Amino acid sequence: MFVLMLVTLSLVPRDTIAQPDTWNFHMEDYKDHPCRRPCEENGLPHVCQYEWIVENYFVMSKACHQCPFNLDHCSAPHCIAADGYAKGIRVANRMMPGPAIEVCLGDTIEVTVNNHLESSEGTSIHWHGIMQYGSQFMDGVAMVTQCPISFNSKFTYRFNASSAGTHYWHGHAGTQRADGLYGPLIVRQPPSQEIYHTSYDYDLPEHVITITDWTIDMMTNRLAKYVHFDNDNKPRLMLINGKGQYQGYVNQTTNTTYYTPRAVFHVDADKKYRFRLISNGIMNCPIQFSIDNHTMLFIASDGNYLKPFVADSLTIHSGERYDFILFADKEHIASNFWIRARGYNNCATRKASQTAILRYSSSNSTTDLPKGNTAWEDGIREGVHLNAAFPVPPNDTAEIRNLKAELPDDDILTSTPDKQFYLAIDFVPIDNLRSHNIPYYPFNSSVKFYSPQINWISSQMPPSPPLSQFDDVPEELFCNAEKVKKQCTKEWCACVHKYDLNLGDLVELIILDEGKPSHAYHPVHLHGHRFRVLAMERLGDSTSLAEVKELDRAGKINRTTTQAPLKDTIIIPDGGYTVLRFRADNPGIWLLHCHVEFHAETGMALVFQVGTKEQLPKRPKNFPKCGSWKFEGYEENDGTPASNQPNITVNVPVPKVEVTCRSNSNSLHTSSIMLMSVAFMTILKSLYF
């Protein structure tokens, strides 16, 4: 075997052996990228190029050296210290959060993603908040707008930064964003276009805050456990900008426990700063965010300006983004203050939380800690609470529907919708064949998996992406509540859940959460469009599709007709409803889904086809294709089907070699083999070198 391996390698001349350019693993953090600049009036747009390597990586890898005993090592290149708990992750350029994209309105963003995920795992990147007008194939939803990027290959996303505001990017194949594949995407504007630019002194890259809930195992393992074993979806902690404290390390000599560092945000006294807050929430974990002793002036959500609103704390849901102005006027109290993230619902079970530090420049030490405890219970903040998941007395609460948009009113608020859909989302007690098998472990006789569904349908991904391979998806794979031929309340219904919209339709969605059997606020994200939030109300612990329809028929759902907030991600109250409207003016196939990772992965999603087949955008040249395949014969060299493909038999003459084995000796008569090998190698060298 060893000789044969040498012969195989020797068949290729040395100067023809080439290595892919990604093998050098040169990874930039892009903190000095030329597109990360002040946006100028009448400035020329840039083409902003990035190269990412997406791979499996590890928290507290060898790149961390003596972290956390030496805190400087925790910031060493390629060190991801996270919470200190060693585990597998998925990242871009060995960073978490991944490389920040910060550009100006009108720039062209070009990101080449190199997939180095082992086990031939595919990937894709979604640009959350970018509408992709004219670049629909760049939306990055695996099996909807593109095939997953295959292992050891690359895919270049190219689109215009046409949507100003705070956005973010994340993996959109499987559960990869839950394991670290996410990062900020900020599109700034010249000061004249920023309506609140006179209200703050600084809008700095280092004041972007990204929060995520975090588990101690990889999400593929957790998802399999969730579906097939015990429904455990309870995170233990959160991370702020990829940092936090959880796992302690003991110095055996001094018996001192060390922890990985928290995120720190620096301010100067009496200055006003624009902060940009992003939730990469994974599980059903509304996150209460606050800064001790400081209030926040909220000015935007999901990249859309709001009338300013002052609050002491905010609940942010998965996929949402909020911009706020912080007035650093509390230096007379202290030089350091806790920034707190505190989880509710699934995160409350294990009291998942995290802290970061707001540090004034007058602080005498980089290691001083703020006053006050940091436990989950200590994160309760009195005062005005924006977007509360549920009332927290004695707080005064306000929901996003109570806020007013700065955007001028349009006919979306007052016109009669062309199409109206009631979408009931809930956890359905049914024999989902993904989790249950009726003869062996049916729903009623095992650990129960309640199916996350919309209108009693579990959405499944098609075998090919319908945007790029429209004709490759059989029509019978699509369904919706109006077309399905089963009684889905009694029998599990699974399909590619799809609704068709005419290009230009005014669409109204009445999305309700029936609140059974458990309580959850579902954050719903719509791709390719923004929507107006016309109404939102919690009716009680539970409701029903019939009840909400009856309320609507009776005129008891009060839709606002002016200054309705504009968003792309919104919560659906547990036991209540949210009413949304949007103009279907972006031809394509667009996903609507719950942004809780496990809910989307197990069926709480659907797609809207906007426009007819002829109106869908043309596929880019040589765009990758994928899908099911069945053997149907061979093709001739010219591409035409071959009627008969002959069986090819290759007869290789094998020299007759006599080998004698002796039971009392390990020696072999191998001289004939060695002579033949030497002669063969001599001939090969004369031919190739």
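**View 1. A nonpolar patch on the surface is formed by Trp629, Phe631 and Tyr634.** In this predicted model, the three residues of the patch together have about 440 Å² of accessible area.

**View 2. Aspartate 201 is found in the loop between β8 (182-188) and β9 (208-214).** Is this aspartate 201 buried, exposed or partly exposed? With a relative accessible area of 44%, aspartate 201 counts as partly exposed, because that value falls between the 20% and 50% cut-offs. Look beyond the neighbours within four places in sequence, and you will see aspartate 201 in contact with Lys271 and Lys272. Arginine 274 is 73 residues away from aspartate 201 in sequence, yet their C-alpha atoms are 7.9 Å apart in space.

**View 3. Stepping back, the protein has six helices and 36 strands.** Of its 689 residues, 52% count as buried. The accessible surface of the protein is about 31,900 Å², and carbon and sulfur atoms make up 52% of that surface. Among contacts with a separation of 6 or more, 77% are between residues 24 or more positions apart.

Conventions:
Residues numbered from 1 in each chain as written. Predicted model: local features only at pLDDT ≥ 70, side-chain atom pairs only at ≥ 80, totals over all residues. Heavy atoms only, no water. Patch = residues over 30% accessible without salt bridge, like charges linked within 9 Å, V, L, I, M, F, W, Y side chains within 5 Å. Areas by Shrake-Rupley, 256 points an atom, 1.4 Å probe, with all protein chains shown as cover. Salt bridge = Lys/Arg side-chain N within 4 Å of Asp/Glu carboxyl O. Helix = DSSP H or I, 4+ residues; strand = E, 2+ residues; numbered from the N terminus. Buried < 20%, exposed > 50% of the residue type's maximum accessible area, 1.4 Å probe, protein only. Contact = heavy atoms within 4.5 Å.
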